[in-house]
Structures are given as C-alpha cells and as structure tokens.
Amino acid sequence: MIRLSRPPLIAVIAFLALPFLTACSGRTGAQASGPPDLNGVWSAPFTPDISKPLGHQPPFTPYAADLFKKEDEIDDPLTQCLPIGPARGIQAGLMPFQIVQTPAVTAVLFENQRTFRIINTDGRSHPSDPDPSWFGDSIGHWEGDTLVVDTVGLNDRTWLDTAGHQHSDQLHLVERFQKIDKDNLKWTVTFEDPKFYTEPWSVTLPVKRQNTEIMSYSCEENEKDRAHLRRTNTKK
Amino acid sequence: MRSTFFSALALASAFLFAAPVVAHHGFSVEFDGTKPVTLTGVVTRMEFMNPHIYFYVDVKDASGKVVNWAFEGSPPNILYRQGWRKDTVKPGDMVTVKGFRARDGAHLVACNTITFPDGRQLTLGAGNVKGYDKN
C-alpha cells in the first residue's frame, strides 16, 4: 500500500479538484490562466445604420458628408457580392461569426460570404507599408479580460454599414472584445479616418453566444437580383 | 408530427415578423413598397439556395393566361435556423403568396407570407418593408 505524506496528498487533492474549482471560480474565461477564452459562435445585433448606436451622425469631413448624401444603396459593395469588411462583419446580425482562438492567432470566421479575419497575437507589429486589402492587417494583444485589436491596411472598397457610411484606405480600426461572462462579450470599435471623419468615433454593441454553427453562404451561388436593381436615392 | 413541425414554424414565423430579413441588397433598390400583390397558384420550382431562396408559382390571370412568377425570400441558412427545410415549400403545392412587386415590372415579388389551402401560413418577412434590410 502506498502511503502519501500530507504535503503530496494535498497536492493530489488540489490537482483533482482543479477543474471543478476553475469551473466554479466565476472567472470569465475558460482557462485557468492566461487570457479569457473567446472561442465560440457569436452574434451582435444587426446594425444597418451605425449612427443609431452612436446617437448621431459621425463627425463627417465635408468630403464624406457630400459623399454620404449622394450615395445610393445600389452601390453598396455587398450588393455586388464583395467582402463585408472587418467591422461590418461583426454587425451582420442573423449571420453569426465564429472566433477560433490560439495563443498566437485569433481567427474570426464570418458566415457572411464565408470570409474570415486573421488577428495576429504573437507580438508582431504591422508591416511598414501594407498592401490595402479587404480585411487589412490586424494585430491583437490582451488587456485583462479584453482582446484589443488594431487594424490598418484596409482598402477603401467596403462600407461600414448598410446606410452607406464609408471610409478611405486611411481607416484605422481599434476594436475591444471584452469577455463579460461565458455567453456575453462587449465589442467596442473606434473608427479613425482623417479623410472621412474629423475625429475618432466609437460604437459599442453587445455580442451574444449563439447555439448554432457557421453555415454555408455564397452570394454568387444563385444571384438573380442585380439585373433588377434600380437607383432610388430614397435614403436622403 | 406534421402539426408539430408547422407549430414550430409558425412560432418562427411570428419571430420573423419582427426580425429583419437578410439580403445582400436594400429593399427599395429592387422592390416597390407601394405595390403589394396577392397571388395564388401552384408551385413549379423551389431553389433553396444563396443568396436568397426563390420559388416559382404558375398563376392564372383574369383571361386564363398562366404566368410563372418568381418569389424571393431570405437566405437558406437564416430560414433553416427558423425551422425551414428545402422541401417546406415544394413543387405541386397550392399556395397564396403575399409580397411586393419588383420596381422594374418583372414578374418578381419579395415574398412576405405563404398561405396553404388548409390555412397554414409561413412568413418569410421579405416585403415587410420596415424589417427588410440587407446584411
């Protein structure tokens, strides 16, 4: 019979109890140490007009104000089945997104057009001269319970929402994915774009865990609408 | 079993009245909210595909001429989560469909509700202008 002295016995008991203690600790993350666990399928409220949660129109430059007044929904890149972009993808409502988190990389998989973002969390910096792209270059770091994501290198071809808030290739996004509890995140995005907005502005949306899986979606699979679209300018 | 399914779908439909229909284009650039239509006929084809489901219905006009109308709804992934399956509406079904006509005069309708002869009703939400938005 093996006899355990008291210190090893306590260590064994503590080891066996660790999963239970971790689960009951009230910690917002699933991991006993390290950053919170954001893995899962999530969705924020569909936000077709991002000025609504802001409470007013964003601080347009004269150039952007004029563009916003003239734009027509027929010109929305999404109508042309182009990628949704990093921040608008989070606001896609009934089309959820999945976060896949590893220590060095966090991926955001959008159901909308089955596009994805890569957020590098390995401590690297942005490239000095990134080639503008649909989802840009994203780097992230943890501040307590919050994944802070910094994105540059975006092209100017996505819209920020259905209402037609646009941006240039100087857009700089800072997002904060804060873990509230196992089923809730708080997402805050700050838009900085000197060509379109006179100062940075931020929007916060609740993000809820979804009991579903990411499903198929191809905008081009059976697209029949574009032939029927007509300019309306009914928005303004 | 069938009634259970339709109860679940009716529940989902009630939700749909309040939920935005998901599309990759705005309602007003394709459909006219001032032109509601109600059409009755036999389903000839169902395309349970992205970016919208389409189904087609042979409708007789007043002179007896048959016209094949197209009806558009949400993407299949959205509808699937709300209880729809690819054969929820199928060829041969007699249906009465309500919705809004396309601006360009095509025989195309943003579908709002589908009613079967026994009174069962499905709602796609499309054509519910305030709730119809792209995603």
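Which residue of S4(A) does A:Ala107 stand opposite? A:Ala107 stands opposite A:Ile118.

1. Basis. This is a predicted model, in which local features need pLDDT of at least 70, side-chain atom pairs count only at pLDDT 80 or more, and totals for chains, interfaces and linings use all residues. Residues are numbered from 1 along each chain as its sequence is written, while chains are lettered from A and ligands numbered from 1 in the order in which they are written.

2. The barrel. In chain A, nine strands form a closed barrel. Its order is S1-S2-S3-S4-S5-S6-S7-S8-S9, and the pairing is mixed. Strands here are DSSP runs of E with at least two residues; helices are runs of H or I with at least four; both are numbered from the N terminus. Two strands pair if DSSP finds at least two bridges between them. On average, neighbouring strands of this sheet are turned by 30° against each other, direction ignored. The axes behind that angle are lines fitted to C-alpha atoms, for helices over the stretch in contact, and angles run from 0 to 180 degrees between N-to-C directions.

3. Strand S9(A). S9 covers residues 201-209 of chain A and pairs with S1, residues 40-43. That pairing is antiparallel, over two bridges. A:Ser43 has A:Lys208 as its bridge partner in S9(A). S8 of chain A, residues 184-192, also pairs with S9(A). Here the sense is antiparallel over eight bridges. A:Leu185 stands opposite A:Val207 of S9(A).

4. S3 and S4 of chain A. S3(A) and S4(A) run antiparallel and are joined by five bridges. S3 spans 105-110 and S4 spans 116-120, with A:Arg114 in the loop between them.

5. Positive phi in chain A. Most residues other than glycine have a negative phi. A:Arg114 has phi near 50°, a positive value. A:Cys81 is not a glycine either, yet its phi is positive, about 65°. A:Cys81 sits in the loop between helix H3 (62-70) and helix H4 (86-90) of chain A.

6. Exposure of these two. A residue is buried if 20 or more other C-beta atoms, placed from the backbone, lie within 10 Å of its own, exposed if 12 or fewer, and partly exposed in between. A:Cys81 counts as partly exposed because it has 18 C-beta neighbours inside 10 Å. A:Arg114 is partly exposed because its count inside 10 Å is 15.

7. Chain B. Chain B has two helices and eight strands. Along the sequence the pattern is α-β-β-β-β-α-β-β-β-β. Of its 135 residues, 44% count as buried. Two residues are in contact if their C-beta atoms, placed from the backbone, lie within 7 Å. Among chain B contacts between residues at least 6 apart in sequence, 59% join residues at least 24 apart.

8. A cis bond in chain B. The peptide bond from B:Asn50 to B:Pro51 is cis, with omega near 0°. B:Pro51 lies in the loop between S2 (31-47) and S3 (54-60) of chain B.

9. The interface. The contact takes 30 residues from chain A and 26 residues from chain B. On the chain B side, helix H2 (76-81) and strand S8 (132-134) each supply at least two residues. H2(B) gives the most to that side, with four. The chain B side divides into twelve nonpolar, seven polar and seven charged residues. Nonpolar means Ala, Val, Leu, Ile, Met, Phe, Trp, Tyr, Cys and Pro; charged means Asp, Glu, Lys and Arg; the others, Gly among them, are polar.
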